[in-house]
Amino acid sequence: MPELPEVETVRRGLEPAMESARFIKVDLRRGDLRWPLPKDFAQRLEGKTVTGLGRRAKYLLADLSSGEVLLMHLGMSGSFRVSRETGNKKLGRYHHERAQQGAHDHVIFHMSSGSIVTFNDPRRFGSMKLIARAKLDDEPLLAGLGPEPLGNAFDAATLATACKGKKTSLKAALLDQRIVAGLGNIYACEALYRARLSPKRIAATVATKSGAPNERAERLVEAIKAVLNDAIKAGGSSLRDHKRTDGELGMFQHHFRVYDREGESCGTPRCRGTIKRIVQNGRSTFYCPACQK
Ligand SMILES: [Zn+2]
């Protein structure tokens with residue numbers, strides 16, 4: 001499942017195609033995504049301008065001139081493809097591949113920028129929803145989300161307060177979207193490695209008894225921000241279905257230091273540990289038992 005850096009990469013890819021552009025035509029090939037799209041979905045978009053394209057956790061939020069917000073989620077296998085209105089009719093050597101892809105093209109936006117934005121999702125766990133901007137704070141999908149990890153509101157003090165007294169593992173705490181929004185399995189593992197903290201450590205140990213941040217909280221927050229920024233710079237990670245909107249692959253998977261590296265030597269200078277895989281809350285955790293304490 002795409003995590004924050006992959007979704008942010010998609011947002012940046014969609015921005016030039018969608019921001020300040022009007023929906024000229026919306027083709028709805030299949031309205032039964034994770035939940036059914038409203039019957040008047042196309043009507044509510046056509047003629048409206050995207051005044052801003054933002055992101056909250058793993059949700060893309062397109063602000064519309066109508067006062068509604070188009071919320072989009074990639075689910076497990078969703079992707080967006082941006083092509084130009086003119087370049088679409090060429091039949092070349094990739095014709096067959098393209099035709100196959102078309103089977104899972106569910107929603108197509110024809111934008112006034114001249115771009116065609118196609119949402120493709122073989123497994124249909126992705127979703128779209130139209131919400132009144134004024135009611136966004138009450139939206140159940142967004143209401144329980146913790147701070148954005150790259151925002152100023154997320155710092156050592158916030159993390160410590162959220163982890164105070166928590167008996168769960170630190171890894172489980174990082175995956176808890178109420179504590180920090182948008183982190184998933186890969187970047188939680190990578191951040192803990194960079195912070196040299198064991199994923200098995202009790203979450204409460206990043207805070208003092210009174211809930212103040214200690215040095216571990218400082219290190220962890222710094223590591224989370226660093227790994228997310230590095231991953232965004234690399235265009236996200238390409239695992240299974242994640243592609244950028246131009247069809248190119250993100251490259252961050254080549255920079256994983258622990259994720260999916262079971263049995264390999266630890267890359268920390270002077271550490272002679274071997275990366276281990278354990279299962280926590282049903283998910284694989286990769287870490288170095290020698291230098292992550
Ligand atoms: Zn190590």
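Contact here means heavy atoms within 4.5 Å. Helices (H or I, at least four residues) and strands (E, at least two) are DSSP runs, numbered from the N terminus. Buried means under 20% relative accessible area, with a 1.4 Å probe and protein chains only.

A word on the source. This is a predicted model, where local features need pLDDT of at least 70, side-chain atom pairs count only at pLDDT 80 or more, and totals for chains, interfaces and linings use all residues. Residues are numbered from 1 along each chain as its sequence is written, and side-chain values use heavy atoms, leaving out hydrogens and water.

Start with helix H5, residues 156-163. Its buried residues are Ala156, Leu159, Ala160 and Cys163. H6 and H8 are among what covers them. After H5 comes Gly165, with a positive phi near 75°.

Next, helix H7, residues 185-194. Ten of its ten residues are buried, so H7 is largely enclosed by the rest of the structure. The cover includes H1, H6, H8 and S10. Just after H7, Arg196 has a positive phi of about 55°.

Now the zinc ion. Donors are N, O and S atoms within 2.8 Å of the metal (3.2 Å for Na, K and Ca). Here they are the SG atoms of Cys266, Cys271, Cys288 and Cys291, 2.3 Å away. The spacing is C-x4-C-x16-C-x2-C. Cys271 sits in the loop between H8 and S9, and Cys291 in the segment after S10, 20 residues apart. Both Cys271 and Cys291 are buried.

How values were computed
Buried < 20%, exposed > 50% of the residue type's maximum accessible area, 1.4 Å probe, protein only.
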